[in-house]
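Thanks for coming. I will go through one structure, part by part, and give the cut-offs for each term when it comes up.

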Amino acid sequence: MIKTEKTLHLRRFRGRKVRVVREHYLREQVPCFSSLCQADCANGIKVLPGDLTHYVVPDADVVVNYLEILELRELQGIIFTQTACQALHSKGRRYYNRLRNLVKDPRYHCVQFANEFQQYSYCPREKGESQEKWQTRCVYSAAVWYYNHLAGMMNVVMITEDEEAVAQYSSLHSGVYVISVQDYLQNFWPDLQAAQELYTSISQALEEKEAEDSQREFPEHLPAEVMEAGIKSGRYIQGTLSVNKHRALNEALVLTEGSCSQSMDLSSGVLVHGGKNRNRAVHGDVVVVELLPKSEWKGRVTALTEGQGDDRSADDGQENPMPTGRVVGVLQRNWRDYVVTFPSRDATQSQSRNCQRVLTIPWDRRIPKIRISTQQADTLQDHRVVVRLDSWESTSLYPNGHSVKVLGRAGELETEVQTILVENCIHVPAFSEAQMKEMPLSSPERPWRVDPAEAAKRRDLRDSHLVFSIDPVGCEDVDDTLSVRSLADGTLLELGVHIADVTHFVAEGSLTDLEARTRATTYYLADRRYDMLPAVLSADLCSLLGGVDRYAMSVLWELDAESLAVRRVWYGRTVIRSSYQLHYELAQALLNGEEVRVPELEQFCPEEKDLKLAQLIQALEMLTRVARHLRLQRDRGGALELEGVEVRAQLDKDKNITALVPRQPLEVHETVAECMIYANHWVARKIQESFPNRALLRRHPPPRQELFNQLVDTAKVMGFSIDTRTNKALADSLDRAADPQDPMVNRLLRMMATRAMSQALYFSTGSQPQDQFYHYGLALDRYTHFTSPIRRYADIVVHRLLTAALELEQGAEPAGILATNRELEELAQHINNKNWTAQRAQSASTGLFQCLFFRDRDPQTDLRCLADAIVYSIRDNGVLVFVSEYGIKGPVYLKNKEGQVVSAEPDGSCKWQSGKVRRYPSYITTTSGGCTSTFRLMSHITVRISVHSSNCHSDALVLEVVSNQPHRGSEPQRPASQGHRQLVQEVVRLAESAQQQAAHAPKLSREERDFLQSKTPNLYSILEEIRELALMDPEAVPRLTDPVKTGQ
Amino acid sequence: MAGLELLSDQGYRLDGRKATELRKVQARMGVFAQADGSAYLEQGNTKALAVVYGPHEIRGSRSRALHDRAVINCQYSMATFSTAERKRRPHGDRKSTEMSLHLKQTFEAAVLTELYPRSQIDIYVKILQSDGGNYSVCVNAATLAVIDAGIPMRDYVCACTVGFVDETSLADLCYAEESGGVSSLALALLPRGGQIALVQMDARLHQDHLDTLIEAAMTACKGVSKVLDQVVRQHLQEASTLQE
């Protein structure tokens, strides 16, 4: 028991000044985390390397203000002192957490040193000494301690912004240098341009902040204690600010968390109207609002609006007021990196008086303009730049920020794709050398082989089981295979699912693992893919290719041959060799008894071939039978048929997938999917039973009934009734609601049903009561993701859990330390967020490509700009339509700003004329000059698609009604898949040729633009993905209350 | 003070201790000559004075006397200057009454009361400075005072508070930790036999963690008992040299 000296520590609390005496224990042994340590410090795994030229100790205010520079991976050997960390902690929890993650991450060479608990480096604060001076002194004494502790073997550089400190300390101790940040960067890292630019941009922003004029534009925020007290007493309401995309200037909602104890119903949020009331809060911030008196309450605007910023106070819908409030304080800023566009010259001239400050326009409409101090305003015209917000003082109309990185000129394909990535917080650098070093070697000359020692530990299924995979044509990364055979004279069936054993290659805590954890999923954009794991794993070692030995994680069920009841389940690691790499069409053809060629059997003589073929077909038939049975079981439980028609609707939005999936789903798709769902379900059961409160599962909460209103109303108009009480009732009633004349009706209804669904999400079992584990869509009591470890991190976690569960069963202590419930819950949150951003990025990139496709076409002449659309919702001044050919959803205005309305001629063609619009539940009419035209729900119209281009934001598609008749010119049912594939190809080709024409254009690497490289692993994963896309329409949530689709 | 980091990633607590380390304990026995037994104990910044009278005849109403054992009477109070803000009511409030009751229960379990039928033992404890773990400090101080009074006990009673943060248990909480949202548990132990005299906990804690927490508390109590043992031995040595 170590008892150490005790010193007293005086502190003053905020608010009421109270003198508090705290103990402070010092000790001699505080780990230094350096590999040069001579004193046997208890250093952990992560140590600073000894081969650096120096260690750098940043002063407290350097850490507080310039953390971003220290975050650069190039800077090595950073020692964060505890003093500096505490200074950062007082600035905000978020910054502190950033630092904590930095220190934890082995990819960064930095450590944290508890200098205040070290006997010799601690210096008590002297009387009358200012906090900053004391902190500097502490940091300096820590730097000196390091120098002495490492016996002078390493020079220590302390960087500070305090010039007095530089003068005072620099000559005090040889080997410990005290210099300013600027000098440090110039002398030690002259090549690191990025750091210096960042430094100038941050220091300018800091200067600006000091030189702010004092005219007040906003009321001050309340102090934290007052807000907290107010929230507790119910006077204020806490929530997340969400700005309306279409009326970003005026409308914002504060979504409250949990239920409010008050009598008022605030479940739909509190409206914050106008910039003054929003009081400097930015989209995403956690804010505190105060309700305004009822007389000042306002309603939301339900009409479609074109563009933003046209402040039409006239339709400040007074008829339907909702709780309205004003922001009194911000609890937590959730600022991220924003992409902004610098205005072009003529726009800057207006501010020429002070050309250093530029107002830039964020790409995201919900973010206010950002003021940036820069000297590069001229060179950056029309460029997209990544910026970070620094502050928003009450004296300023706009927030201050500083630039971080230049992305490129607006409008170029590469810039736009990068913009999408940054806006969705996706950071995917190339895999580093250190990460690649962890990978086993495999080359065509010397292919990787199974290690006999490892194979001996695993169950060998290479000879005993007929293993095969069924995937789309040309698939390279096969992560699941199947097997089925009969046992014990045909009384038992053995069904097996074998999944690539990724965790064998990716050790927990390795650099690859960390990178995969950060990415959490493979990102599929319209024209490219960012893998979660390096290609050597995803396409080779972990891919269960035909004819080669591979490691696998297997689940084997013994089923009763008659009743198909489960007798026994076996989980474990195996070695397999896939005999057949089939594709869906081939498998279906085999099942149908057609004569087809199986490539693997070509080499055999005819008799043997027939025998093998018969075996394979028998296996496929058995599989199909089992899958049918499983499906039936789930259907009885009420599984929702959200794929089927619905899938295709969503498919159209994603070209990669569309290009692969045939229009008619084959039964074999469902067979494979069913087996995977079954495997996921059983693994979920296993890990949940082994680790009742620390297993990673996936749940799909039942939807909120009120969200079905739109669906029910629409269906009622069409003469169908939809029962939404349970998932089974919903599935049945959706099946009934089909119009034999128009298959689109059912499709749209299913789309609406999907939008009402909540999002499926990962969670840790310890954080939810067991009755919440239910998966609504699949009708399973427990579900997880196990079958695609190559492209989802959740599956890797589940694999590790399953391994641990098996070890536990054998009585052995699990090798690695398992994540605790809290860590797992954090991880689950992280994966959920990453999945959502991946989906958002995916749909944004799809939108981008749609726009690029239509941008170069003349909407007046090009026939491809005319398309058939179906009306699926009615609004005050227009309708919302769905264009199935291109998968576009959007508004069509029937009344423009001049008050003209669309009127249809007898032949159906439409013209703008002055008139009136009237809205009814199931149709909308326009009256002009005595002639009335009607647009009904679910009727087909013809629209013209054009692009509304915008310099600062993403381009948007504009739909215009051409005729209220169905589009006739369209060639009958051109396969949508091809259309989309062509679309992507064409856009990429155009972009490339433009690149070549511009001689100075940088050469883009071929691989990056290799647009068709995205080979989705297999159809099951596609279906899964679709299901998720379907369950998580990114616009679904705001849509509940937000009637307007796009109006950009 | 929302958001204090109670346990840093490197395993340090607010005051520089590791999770299992106790605060510095210092104690003296026999501080007052008039009382039968007395002791002064500091545990970190929490300081307590304990005084024992008895065993003596029952004072007040005779009806309280028990025919087979002694009555233990405890009173807990806090000095007005013991907290950062002056306390208005040094004793007799709800908290003090509860604390007195807990002390009484603890010592009824430890003192061999059956040796003194129809008599009474008074234990008065006063907190001079409060910095977390008031109950355990009182128990520890009172143990020394009872020993000083020469009243036979089954064993030392040692008490310690433990808290649970980030899946780790922290021994001997200070005030900042107690008020920082830790679910804390106070435990009084007879260390030699490992019997628990009292457990008190009024926070939420998952059932699975209770065992580890109690385990940690018992280890901490044993640590305290070592220190108390040292104090008693030293006191005895001093006392015997004086008599010679």
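Let me start with strand E38 of chain A, residues 940–948. Seven of its nine residues are buried, so the strand is largely enclosed by the rest of the structure. Buried means under 20% relative accessible area, exposed means over 50%, and partly exposed is in between, with a 1.4 Å probe and protein chains only. The helices (H or I, at least four residues) and strands (E, at least two) are DSSP runs, numbered from the N terminus.

Before I go on, this is a predicted model: local features need pLDDT of at least 70, side-chain atom pairs count only at pLDDT 80 or more, and totals for chains, interfaces and linings use all residues. Residues are numbered from 1 along each chain as its sequence is written, chains are lettered from A and ligands numbered from 1 in the order in which they are written, and side-chain values use heavy atoms, with hydrogens and water left out.

Which strands pair with E38(A)? One is strand E30 of chain A, residues 866–874, joined to E38(A) by five bridges and running antiparallel to it. Two strands pair if DSSP finds at least two bridges between them. In this pairing, Ile870(A) is opposite His940(A) of E38(A). Another is strand E39 of chain A, residues 956–963, which has seven bridges to E38(A) and is also antiparallel to it. There, Val943(A) faces Val961(A) of E39(A). As a general point, side chains in a regular strand alternate between the two faces of the sheet.

Next, a helix. Helix H15 of chain A covers residues 511–519, and seven of these nine residues are buried, so this helix too is largely enclosed by the rest of the structure. Among the buried residues are Leu511(A), Asp513(A), Glu515(A) and Arg519(A). What covers the buried residues? The cover includes helix H12 (433–437), strand E24 (523–524), helix H25 (793–809) and helix H26 (821–855), which belong to chain A. After H15(A) comes Ala520(A), which has a positive phi, near 70°.

Now the interface. How many residues of chain A are in contact with chain B? The count is 33 residues of chain A against 29 of chain B, where contact means heavy atoms within 4.5 Å. About 2600 Å² is buried between the two chains, and carbon and sulfur atoms give 47% of that. Buried area is the accessible area (1.4 Å probe) that two parts lose on being put together, summed over both.

Four salt bridges are found across this interface. A salt bridge is a side-chain nitrogen of Lys or Arg within 4 Å of a carboxyl oxygen of Asp or Glu. One of the pairs is Arg822(A) with Asp166(B), whose closest N and O atoms are 2.9 Å apart. On the chain A side, strand E1 (6–12), strand E2 (19–25), helix H3 (93–104) and strand E5 (110–113) each supply at least two residues that touch chain B. E2(A) gives the most, with six residues. By type, the chain A side divides into 14 nonpolar, seven polar and twelve charged residues. For that count, Ala, Val, Leu, Ile, Met, Phe, Trp, Tyr, Cys and Pro are nonpolar, Asp, Glu, Lys and Arg are charged, and the others, Gly among them, are polar.

Buried or partly exposed? Arg100(A) counts as buried, at 18% relative accessibility, while Asp9(B) is partly exposed, at 40%.

Inside chain A, Glu290(A) and Arg235(A) form a salt bridge, at 3.4 Å from N to O. Glu290(A) is in strand E11 (residues 286–291) and Arg235(A) is in the loop between helix H8 (224–233) and strand E8 (236–243), so the pair ties together parts 55 residues apart in sequence. Glu290(A) is buried, at 16%, and Arg235(A) is exposed, at 51%. Over all chains, the structure holds 45 salt bridges.
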